[in-house]
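Visitor: Could you walk me through this model, starting with the overall picture and then going into some local detail?

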Amino acid sequence: MQKDRENWLRRAVRAVKRGFHRAFRWCKRAVLGGRSELQTQTGKIESPSRLVREAFFRKKTAVVALVLLVGLFLFVFLAPSFVPFDVNYTDPLQQNVAPSYSLRSVPKKLKKQIAYIDGFADSTVGVSTGGKLYVWGNTKNRLNGANFKNFPQEIRSDGVAFASAGKDHIIALTTTGKLVGWGDKSCGQYGVEPVLNALPMPEKLTGYIEPSSVKQLLCGYQASALVFQTGEVCVWGNTNAVRNLSEFSGRKDVAKMAFTNAAAVALLKDGSITTGAEDLFTAAVSSRLGRTTLRAALQGERVTELVATGKCIAATTERGTLIVAGAFENGEDELPVLANGEVFTALDGGTRHFVGVTNFGNVYAWGHNAYGQCNAAKQGARVYAGSLQTYVVDETGKLTDSAGLKGYLMGTDGRGRDVFARITHGGKTTMTIGAVAVLVSSLIAIVVGCISGYFGGWIDTLLMRITEIFSSIPFLPFAMLLSQIIKHYNVSETTRIFIIMLILGALSWTGLARMIRGQVLAEREKEFVTAARAIGVKERKIAFRHVLPNVVSVIFVSMTLDFAGCLLTESSLSYLGFGVQQPRPTWGNMLNGCNNSTIIQRYWWQWLFPALFLSLAVICINVIGDAMRDALDPKSDRA
């Protein structure tokens, strides 16, 4: 029994080796031909495969296209490993940012004399100790043509005492007591003109305002606030964007205000925190475990400092307790661990991260850290947060360190997502769908075409009628119909992509099958087929081991051109909304998100880069396919 098992194992190993050897010989013959060269008395005769290679590489455009295509493949399959990407990430404060690397570029003249820095979205303002205003980041609003660097004349001549940057506007109080705004004012961000669903700027702010009477000037998402030393607060702006804004109008007991993306919150003079009628936040407390409401977390403690991110607030109490409350994400509730006797003396908040400095001079940052905004220097006297940046300043007002987002290579889209990251990961999806679809269609075409052409008769008739049925199906409407049907079933996005690949492959094989059939019909009448039959070679071996390698050149050319077609088809389906669905990116559905005149005219980077990558891939593949067809054509001029 043991000997029988050993004999069976040896036979199995030999069978596997023979299979691999035959597969290798088939591939070698299909790609390289027979012998590489023959030497005769009249000279050297080069093999057909070498002639094909030389003919292909003599075409400079084909070589350039091949290099570009290989580079594109390496980019879309290797770059995603190095480019961080969260498919569900959105940031309303980073919408439609143009390609640039200036979001963290503090002006040189400001770096040694910083009074304070303020930033809510993609532009940041800084005021020097001499009262001069500086703006950096995404300073151009392409929707209304405003440029934040075009200061009003009052700013240039008088200097500023306070300044703040919001989502799309800037408010500044000059040293001569004039409140000035610029940027977008369509939602009542500044000015007293009546605006639908907005609180206009109070008329009392249009006159003289004593700078020393102002405690805080603050801008948020299309809203602004000014807090006086007396506790009186003035708020104005879009009440749809900041839903509880009107609840603070006219209050006279406010010590400090803060804006999240969609709400206002106030620190009152009695040390309590209010968001109006609603208790909007839950809290994580540094000295206790668990989460509760903000009111319960405070338990009568007086709050001394209040700041906010997009969805959270952070506060410190008289006892030194740190409280973070809100819709936690990205580690915002992972509170820093302080040493004994160490308490925060100052806090600031960006879009999704907090930063603070303690009485020991230690700097702590926590929360969202995708752009390294929590990796600033650990020592400093003062800290400020931009939207996705952190700035550390020493006692003299000198900038000692900055960290965070510098900018976007290809800008952002209408949801604040990095276009470069989406092109990188979307390209991988697009290329994979195209490649798998081509492999599926080619496999079906090879089997059907080879069997039909070699065996003929009723088999040929049956297979060709089936081919005609598939070819008569209108491809794009049918694919759209199947994709729409899939939407009604609870399938994962991965399964959906797999189905799309199968649909593309199962409906695009008919042309190649006919081409292979015609080539096989010609090859089966040649002498080497008759010789193989004469020596007793089985028919299936003749068809797939002897005839098929002689038509593989046609298959390679067709696969190359079909690959480009599958890329365009997938992109067309995604563009029409029937392919891969958002938020998962492909080059096609990225273009689908740009099919309106505003984006095409004003935000060119959102459609240009996906179109450029898709066009480059398709053009390169078509150029390579045409060059291969010419090189493999024995009647073409290869000189």
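Predicted model: local features only at pLDDT ≥ 70, side-chain atom pairs only at ≥ 80, totals over all residues.

Visitor: Okay, how many helices and strands does the protein chain have?

Guide: The protein chain has 16 helices and 28 strands, where helices (H or I, at least four residues) and strands (E, at least two) are DSSP runs numbered from the N terminus.

Visitor: And what share of the residues is buried?

Guide: Of the 639 residues, 49% count as buried, meaning under 20% relative accessible area, with exposed set at over 50% and partly exposed in between (1.4 Å probe, protein chains only).

Visitor: Let's take the sheet with β11 in it; what is the strand order?

Guide: The order is β11-β14-β13-β12 in an open sheet of four strands with antiparallel pairing; two strands pair if DSSP finds at least two bridges between them. β11 (198-199) and β12 (214-219) each have a single partner strand, so one side of each is left without a neighbour in the sheet.

Visitor: How many bridges hold the pairs, then?

Guide: Two bridges join β11 to β14 (residues 233-238), with Ala-198 partnered by Asn-238. β13 pairs with β14 over five bridges, where Leu-226 is opposite Cys-234, and β12 pairs with β13 over five bridges, where Gln-216 is opposite Val-227.

Visitor: Which residues take a positive phi in the hairpins?

Guide: In the hairpin of β12 and β13, with three residues between the strands, Gln-222 has a positive phi near 60°; in that of β13 and β14, with four residues between the strands, Gly-231 has one near 100°.

Visitor: Is β13 itself buried or exposed?

Guide: Six of the six residues of β13 (residues 223-228) are buried, so the strand is largely enclosed by the rest of the structure. Ala-223, Ala-225 and Val-227 are buried on one side, and Ser-224, Leu-226 and Phe-228 on the other.

Visitor: Switching to helices, which residues of α3 are buried?

Guide: They are Ala-62, Ala-65, Leu-69, Leu-72 and Val-76. Seen down the axis of α3, these buried residues fall within an arc of 90°, so they line one face of the helix; the arc is that of the directions from the helix axis to the C-beta atoms. The face turned away from the buried side carries the exposed residues Lys-60 and Val-67.

Visitor: And α10?

Guide: In α10, the buried residues are Thr-510, Leu-512, Ala-513, Ile-516, Val-520 and Glu-523. They cover an arc of only 150° around the axis, which puts them on the same side of α10.

Visitor: Where does Asn-244 lie, and what does it touch?

Guide: Asn-244 lies in the loop between β14 and β15 (254-259) and is buried, with a relative accessible area of 2%. Leaving aside residues up to four places away in sequence, Asn-244 touches Ala-263, Ala-264, Thr-275 and Leu-280, contact meaning heavy atoms within 4.5 Å.

Visitor: Last one: how many disulfides are there?

Guide: The count comes to zero disulfides, taking a disulfide as a pair of cysteine sulfur atoms within 2.5 Å. As for individual cysteines, Cys-187 is buried with a relative accessible area of 18%, and Cys-450 is buried with one of 0%.

Methods. Residues numbered from 1 in each chain as written. Heavy atoms only, no water.
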